[in-house]
Amino acid sequence: MKQFDYVRPATVAEAVAAAAQPGAAYLAAGTNLLDLMKGGVSRPDRLVDVTHLDGLDRIERLADGGMRIGALVSNANLAHDADFAKSYPAVAEALLSGASAQLRNAATVGGNLLQRTRCAYFYDTASRCNKREAGSGCDARDGENRTHAVLGWSENCIATHPSDFCVPLVALDAIVEIEGRSGRREIALDELHRLPGDTPERESALEPGDLIVAVRLPPAARGFAAHVRYLKVRDRTSYAFAVVSAAAALRIENGKIAEARLALGGVAAKPWRARAGEDVLRNVAPTVDAFQEAASRALADAKPSGDNAFKIELARRIIVRALSLAAAGTPVRIPALPASPFASTSGAIHART
Ligand SMILES: Cc1cc2nc3c(=O)[nH]c(=O)nc-3n(C[C@H](O)[C@H](O)[C@H](O)COP(=O)(O)OP(=O)(O)OC[C@H]3O[C@@H](n4cnc5c(N)ncnc54)[C@H](O)[C@@H]3O)c2cc1C
């Protein structure tokens, strides 16, 4: 492993100053970053350990009814927070469908948002990868690419973003709070991750030194709690990243959809908000025909990037299924196999009430 400096700042301001130089990286639980460093994929000059910063490990109910989650809250603690799970059940279900129990106990909110792609060519330093080394080429393009992107990809990069958590977050208009060299700012989660275009090495809107301090869910997102689901298709039932996933949220009034939210995972370099699919669901009855139309619109621009044409059909079916489940009503308990299309509501592991 390449040599690096290690610093453990005591305050957010010290952390931002310590990470402002090129080559620095924040270290949270390290469940992604340390693996990448051991493999020579990430080669930071300095690690800025943020795990001891005060106040970033809180889950707070805000006066406006929304919730603010500190960047150091663990994925497990957030999913098992009763108030959070009741208000945002699909987010809790997505968290519980990710990784293994041990990893979820360690992994943090900030680290989950910024985890790197699972493209095998990115991980293999003997392969060409424009994301790992700008301008080197992309071996995934003509390689083993059944799990790669079908939306928003470019000839320079067909990698996908792997986070489950981000998918319902982007559907629910989550906001990211960032502390940077010029102070505090916030952006929509939808603007945090970038599509590859000609610069796939630039994965997010963050600048050097930018620290994610919290994620906020707006009060309006709670309005979907009765009709919201996250569904994830994975290659094996135990821990595995999504081949395709979908978050579907509906607000149903007088038998019609007043508002719909739809987002996809495993299909693009960012959590994919499917606004075209949402548009056709406004003010219509929640029927399978309407859901099929929404899925067709959501995937109208999808193109296979290699061996993965099956993902377009899979995404279409997962959208229809997620919307149908959301319309039927959110289960009171999170199923024993969270987010799995094969889960039943019996054997639940975690009550929302
Ligand atoms: C075997 C395995 C299976 C997994 N399966 C899944 C899965 O099914 N679904 C899923 O979603 N994830 C899965 N994961 C990924 C896991 O969720 C991530 O490794 C984890 O969320 C990263 O969090 P962390 O705190 O360890 O981040 P770290 O590894 O410490 O950091 C990750 C990145 O985020 C940056 N960073 C961390 N915190 C901040 C911050 N506050 N501000 C700015 N930058 C920051 C770091 O510099 C680094 O670049 C899996 C991981 C493993 C090892």
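Okay, let's start with the inside: the largest nonpolar core has 43 residues, and Leu113, Leu169, Leu189 and Leu217 touch the most other members. By nonpolar core I mean a set of buried Ala, Val, Leu, Ile, Met, Phe, Trp, Tyr and Cys residues joined through side-chain atoms within 4.5 Å. Buried is under 20% relative accessible area, exposed is over 50%, and partly exposed is in between, using a 1.4 Å probe and protein chains only. The biggest contribution to this core, six residues, is from helix α5, residues 89-96. Helices (H or I, at least four residues) and strands (E, at least two) are DSSP runs, numbered from the N terminus.

Before I go on, a word on the source: this is a predicted model, where local features need pLDDT of at least 70 and side-chain atom pairs count only at pLDDT 80 or more, while totals for chains, interfaces and linings use all residues. Residues are numbered from 1 along each chain as its sequence is written, and side-chain values use heavy atoms, with hydrogens and water left out.

Back to Leu217. Setting aside residues up to four places away in sequence, Leu217 touches Gly66, Met67, Ile69, Phe84, Tyr88, Leu169, Leu172 and Ala174, where contact means heavy atoms within 4.5 Å. There's also a second, separate core of 34 residues, and Leu231, Ala268, Phe291 and Ile319 are included in it.

While we're on α5, have a look at Ala94, which sits in that helix. Ala94 has a relative accessible area of 0%, so it is buried. Beyond four places in sequence, Ala94 touches Asp164, Phe165, Pro168 and Tyr230.

Now the ligand. Which residues come nearest to it? Of the 29 around it, those are Tyr26, Gly30, Thr31, Thr108 and Asp164; to be near, a residue needs a heavy atom within 4 Å. By type, the shell splits into 15 nonpolar, 10 polar and four charged residues.

On polar atoms, a ligand oxygen is 2.9 Å from a polar backbone atom of Asn32. For Ala99 the distance from a ligand oxygen to a polar backbone atom is 3.0 Å, and for Ala240 it's 3.1 Å. Taken alone the ligand exposes 980 Å², and the protein buries 91% of that; those areas are Shrake-Rupley with a 1.4 Å probe.

Most residues other than glycine have a negative phi. Asn254, not a glycine, has a positive phi of about 50°. Asn254 is in the loop between β10 (242-253) and β11 (256-265), and its 81% relative accessibility is why it counts as exposed. Ala339 isn't a glycine either, and has a positive phi of about 70°. So is Ala339 buried or exposed? Buried, because its relative accessibility is 1%. Ala339 lies in the loop between β13 (333-334) and β14 (350-351), and Ser340 is in the loop between β13 and β14 too. Leaving out neighbours within four places in sequence, Ser340 contacts Leu231, Lys232 and Arg234.

Definitions and conventions: Polar contact = N/O pair within 3.5 Å; in protein donor to acceptor, adjacent residues only side chain to side chain. Nonpolar A, V, L, I, M, F, W, Y, C, P; charged D, E, K, R; others polar.
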